[in-house]
Every structure is written in C-alpha cells, then in structure tokens.
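Visitor: I'm new here and would like to learn how to read a structure. Could you walk me through some features, one at a time?

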Amino acid sequence: QVHYAESGGGLVQPGGSLRLSCAASGIIFRIYSMRWYRQAPGKQRELVASIGSDGSTNYGDSVKGRFTISRDNTKNTVYLQMNSLKPEDTAVYYCYAFQTGSWGQGTQVTVSS
C-alpha cells in the first residue's frame, strides 16, 4: 500500500504562488507515473498534471502555463509549483501513483483575497 505525505498547501492571494510536495513510500517510486489531482467542493476530482517515469509531463488545460510538475527520484517526491493562482484553483490537492488505487489525505489550497 502506498503512503503519501502531502504538504505545502495554504491560503494565498490571487496571483500568488505555492509549491506542493508529496513524498511517496511503499512503492518503487522511480518506475511510477505520478499525478496531481484536485477536488473542489461540489465538483468531481480532476487531473491537474502528470509526470511519467521518463520525466515527460502533461497538464490540464486550466493550469497550462501556470503550474509545473517535477519529481526527485532520490527523495521519492513529486512537486507541483503553482504560479499565478486564481480563486478557481481553490481545492484539495492529491498526489497519486498511477494505477496503485491508493490515495492520501490531500492538502488544502485556498486562493482568496
């Protein structure tokens, strides 16, 4: 079973930045595609960004050009750098090791003035 330690969320003003971190254990981290999802109140969970074992990346249309996903296999950690944050980015953010079926508690991001 995968264990995730997600951190970095908080309250930020519109236009601000946050960096989320997620340390994953219980898997051979370097071989897994890692993803960040988010879920806002009353909405379905949506894919924000993904990074393959080869470092290839993909982003949801709503965050392209503002968010950057990266990974450090030496630390079993995936990151999400979020810039130019908007109120609509407010959600609980979850990291996920693709096809493991295990989810963490998530970290709350609130964008508000």
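Guide: Buried means under 20% relative accessible area, exposed over 50%, and partly exposed in between (1.4 Å probe, protein chains only). Salt bridges that share partners join R38, E46, R66 and D89 into one network.

Before we go on, this is a predicted model, where local features need pLDDT of at least 70, side-chain atom pairs count only at pLDDT 80 or more, and totals for chains, interfaces and linings use all residues. Residues are numbered from 1 along each chain as its sequence is written, and side-chain values use heavy atoms, with hydrogens and water left out.

Visitor: How many salt bridges does the structure hold?

Guide: Side chains of opposite charge can pair when their charged atoms come close. A salt bridge here is a side-chain nitrogen of Lys or Arg within 4 Å of a carboxyl oxygen of Asp or Glu. The structure holds four of them. In one, D89 pairs with R38, with the closest N and O atoms 2.9 Å apart. D89 lies in the loop between β8 and β9 and R38 in strand β4 (residues 34-39), so this pair ties together parts that are 51 residues apart in sequence. Strands (E, at least two residues) are DSSP runs, numbered from the N terminus. D89 also forms a salt bridge with R66, at 2.8 Å between the closest N and O atoms. Another salt bridge links K64 and D61 (3.2 Å, N to O), and D61 is exposed, at 68% relative accessibility.

Visitor: Which residues does the disulfide join?

Guide: A disulfide is a covalent bond between the sulfur atoms of two cysteines. The cut-off is a pair of cysteine sulfur atoms within 2.5 Å. Here C22 is joined to C95, with 1.8 Å from S to S. C22 sits in strand β3 (residues 18-25) and C95 in strand β9 (residues 91-97), so the bond ties together parts that are 73 residues apart in sequence. C22 is buried, with a relative accessible area of 0%, and C95 is buried, also at 0%.

Visitor: What is the order of the strands in the open sheet?

Guide: Two strands pair if DSSP finds at least two bridges between them. The open sheet of six strands runs β2-β10-β9-β4-β5-β6, with mixed pairing. β2 (10-12) and β6 (57-59) stand at the edges, each with a single partner strand, so one side of each is left without a neighbour in the sheet. Three bridges join β9 to β10 (residues 107-111), and these two run antiparallel.

Methods
Helices (H or I, at least four residues) and strands (E, at least two) are DSSP runs, numbered from the N terminus.
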